[in-house]
Amino acid sequence: MSGEPMVFLGLDSSTQGLKALAVDTEGRPLFEKSVSYDRDLPKYRTEGGVHRHPDGRTVTAPPIMWAEALDLLFERMADDRFPFPHVAAVSISGQQHGSVYWRRGAGLQLGRLENHRPIAPQLAESFAVEESPIWMDSSTTDECREREAAMGGAQAVAEITGSRAYERFTGNQIARIAKRCPEAYAATERISLVSSFMATLLAGTYAPIDWSDGSGMNLLDIRTKRWDPKSLAVTASGLAERLGEPVPSHSSVGRLAPYWRTRYGFSGQAILIAASGDNPCSLAGLGLRQPGDVAISLGTSDTLFAALREPRPSGREGHIFVNPVDPDGYMALLCWKNGSLTREAIRKQVGDPDWRAYAIRLGRTEPGNGGRIGFYFLEPEITPPCLKGGVHRFGSDDRPAIFTPDEEARAVLEGAFLSMRLHAEGLGIRPVRLLATGGASVDPAVLRVMADVFGVRVEPSDVPNTAALGAALRAWHGWRCLQEGRFVAYDDVWKQRRISSHGRSVDPDPAAHARYTSLLPRYAALERRVLEATGAL
Ligand code: XUL
């Protein structure tokens, strides 16, 4: 490959489909292609890439479909003359938490894939569980309670694994399968996450789980980076050998199997960097490199990602994962369900036809809204956990109040960012740099409130497909580490990029920031009151 232009390939195995994004050695996206499970593989009859079961809580997807999608994606890339021989390294982003149960003998089968026929039929007998539980599954409440009881409570589970027991976290899913389908569990020789499953297909041998995606299982000790023996023991017997040893996310985990080299022309030199979760890959794709780098994604739900030095896990909310580009660091993830849809509902309710009208309305009230504070749980909220939906408005005297449309418009926005600041601080996150992404991040009025609440400059980031991009950049990062025989700071890779994707940044107004800072203790006390009143506390 020497002298040829090098390409780093990222694959994103998301809930709805599989995407490829390749970058060059200046970090420029060169090529993108995708496959949609619903549209392109209709025989699996998925909706949004998943099967929802009649109990309303079980959500699964067939791993054989994910395997078939990989051949289909590469075929489409070949049709578009994607330069497979120039790929120096590949990595993968996978929807987090989902698990694949390989049947005894599957490891052997992976090692003898025949390249003249597609992969999926060759793996038809390789799964002990044909439908993989995925992150949308919420059927494991009993297993979560059992885990917390056995480990000494939610905070104790969080202290070790970075999160309290969550229904979608893989350890609880494994516990349910081992309990409800003991024959299937007994027949399982290896368990992969969605990310390490895709890497396994590419390697033609079992690929390890990485530390970062492994942190979404309630099984990994996020400090020692080893499976926690007690967490394994409360899950199922014989689990350690089914999981394999977890590895740092920048590790090289081998080369591509002959199957992929022969069918598509990958070079024998191309290396595979450990696959990771989609949120960890997004952290890499957004370029959050230093502790204090924070990104807020304003989408259907709002998420906040942050790079952290010291983990401070909470037994109530949020997740701490090992950082995917810094094995000594951590990342935090917080999620709010009442995001863009809630803001849009309020915009319509106050009678504004669009966001421009809404921005004008915001100009009619002052930052801090005269001390008025609102909680807009139109949907049951995740952060703070509050199952009972509803809107709660308080005046500056802390009494329930009625808001004018102008006050309402400001309260929903300020409430969102005050909540983010409060709960982020609870996990030890204080932004030094703040990136805004997602649909609503293009709106200067929104960025203004964000900058003023947090008191730091907000940079809008218009990078789409952050998970796929992050996988490609991680491939590059892992490749550099391997070339140099040492850990290379991700910052070195990031700085080599020749692209600037940031729009106009917004600086905070010190007076407005001071006002929000003095509102924060009241916001916290009122939030407590709402949670108590709704039975959430
Ligand atoms: C994160 C989570 C989701 C999935 C989506 O904890 O469950 O963001 O990773 O693919």
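## Enclosed cavities

In this predicted model, the count of cavities of 30 Å³ or more comes to two. The largest cavity holds about 180 Å³ of space, and its lining is made up of 19 residues, among which Asn338, Tyr376, Phe377, Gly415 and Ala416 lie nearest its centre. The elements that give two or more residues to this lining are α15 (340-349), β19 (373-377), α17 (405-426) and α21 (510-533). Of these, α17 provides the largest share of the lining of the largest cavity, with five residues. When the lining residues of the largest cavity are sorted by class, nine are nonpolar, six are polar and four are charged.

The second largest cavity contains about 40 Å³ of space. Its lining consists of Arg372, Ile373, Gly374, Ala411, Glu414, Gly415, Leu418, Leu519 and Tyr523, and β19, α17 and α21 each supply at least two residues of that lining. Here again the largest share comes from α17, which gives four residues to the second largest cavity. By class, the lining of the second largest cavity divides into five nonpolar, two polar and two charged residues.

## An open pocket

Pockets, unlike cavities, are open sets of points. The second largest pocket has about 240 Å³ of space and is lined by 13 residues, including Arg316, Glu317, His423, Glu527 and Arg528, which lie nearest its centre. The elements that give two or more residues to the lining of this pocket are α17 and α21, and the largest share, four residues, comes from α21. By class, the lining of the second largest pocket has six nonpolar, three polar and four charged residues.

## Strands and their partners

Strand β9 (residues 188-193) is largely enclosed by the rest of the structure, because five of its six residues are buried. This strand pairs with β7 (residues 99-103) in the antiparallel sense, over five bridges. One of the positions that can be followed on the structure is Val100, whose bridge partner in β9 is Ser192.

Another group of strands forms an open sheet of three, in the order β4-β5-β8, with antiparallel pairing. The strands at the edges of this sheet are β4 (51-52) and β8 (132-133), each of which pairs on one side only. Strand β5 (residues 59-61) runs antiparallel to β8 and is joined to β8 by two bridges, and within this pairing the bridge partner of Thr60 in β8 is Pro133.

Glu143 belongs to helix α5 (residues 141-151). With a relative accessible area of 5%, Glu143 falls under the 20% limit, so it counts as buried. The side chain of Glu143 makes a polar contact with the side chain of Lys179, at 2.9 Å. Once residues up to four places away in sequence are left out, Glu143 touches Asn172, Ala175, Arg176 and Lys179.

Glu114, by contrast, is found in the loop between α3 (106-111) and α4 (119-122). Its relative accessible area is 35%, which lies between the limits of 20% and 50%, so Glu114 is described as partly exposed. The side chain of Glu114 makes a polar contact with the side chain of Arg117, at 3.1 Å, and, when residues up to four places away in sequence are not counted, Glu114 touches Gln122 and Tyr259. Although Glu114 and Pro258 are 144 residues apart along the chain, their C-alpha atoms are separated by 8.9 Å.

## A buried serine in a loop

Where in the chain is Ser215 found? Ser215 is in the loop between α10 (211-214) and β10 (220-221). Its relative accessible area is 1%, which is under 20%, and therefore Ser215 counts as buried. Not counting residues up to four places away in sequence, Ser215 touches Thr161, Phe169, Leu220, Ile222, Ile320, Phe321 and Val322.

Methods
Residues numbered from 1 in each chain as written. Predicted model: local features only at pLDDT ≥ 70, side-chain atom pairs only at ≥ 80, totals over all residues. Heavy atoms only, no water. Buried < 20%, exposed > 50% of the residue type's maximum accessible area, 1.4 Å probe, protein only. Pairing = 2+ DSSP bridges. Contact = heavy atoms within 4.5 Å. Polar contact = N/O pair within 3.5 Å; in protein donor to acceptor, adjacent residues only side chain to side chain. 1 Å grid on protein atoms, 1.4 Å probe; cavity = no way out; pocket = protein on both sides within 12 Å on 5 of 7 lines; lining within 4 Å. Points joined across faces, edges and corners; volume = space filled by probe spheres on them. Nonpolar A, V, L, I, M, F, W, Y, C, P; charged D, E, K, R; others polar.
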